[in-house]
Amino acid sequence: MVDLVLTVCLLANPSDCRNEHLLFESRGSLFQCMILAPTEIAKWSGQHPAVKIVRWKCAFPDKGRKV
């Protein structure tokens, strides 16, 4: 599993930002995550029209985080 970390801000209040974590299978490679991320970002963005994605990155999930 790979953690796609999106930094999103409210369209109505651009200074109100937070991180969203999307876990998905990408064959365990951060490079593969970078290739697959735009599709996942587009899906998520379409389901959350009130926010704008301002930044994203791929990372391995924190060890203490439940998947």
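In which strand is K57 found? In this predicted model, K57 belongs to strand β3, which covers residues 51–59. Once neighbours within four places in sequence are set aside, the contacts of K57 are D3, L4 and V5. A further pairing in space involves M34: the C-alpha atoms of K57 and M34 lie 7.8 Å apart, although 23 residues separate the two in sequence.

Strand β1 spans residues 2–10 and strand β2 spans residues 17–24, and the two pair in the antiparallel sense through eight bridges. Within this pairing, D3 has L23 of β2 as its bridge partner. Six residues lie between β1 and β2, and the two strands form a hairpin.

The helix α1 comes next. Its 18 residues, 30–47, reach 24 Å from the first C-alpha to the last, close to the 26 Å expected at 1.5 Å a residue.

Attention can then turn to the buried side of the story. Four residues of α1, namely C33, A37, I41 and W44, are buried. An α-helix has 3.6 residues a turn, so residues three or four places apart point the same way.

Technical notes: Residues are numbered from 1 along each chain as its sequence is written. This is a predicted model: local features need pLDDT of at least 70, side-chain atom pairs count only at pLDDT 80 or more; totals for chains, interfaces and linings use all residues. Side-chain values use heavy atoms; hydrogens and water are left out. Contact means heavy atoms within 4.5 Å. Two strands pair if DSSP finds at least two bridges between them. The expected span of a helix is 1.5 Å times one less than its number of residues. Buried means under 20% relative accessible area, exposed over 50%, partly exposed in between (1.4 Å probe, protein chains only).
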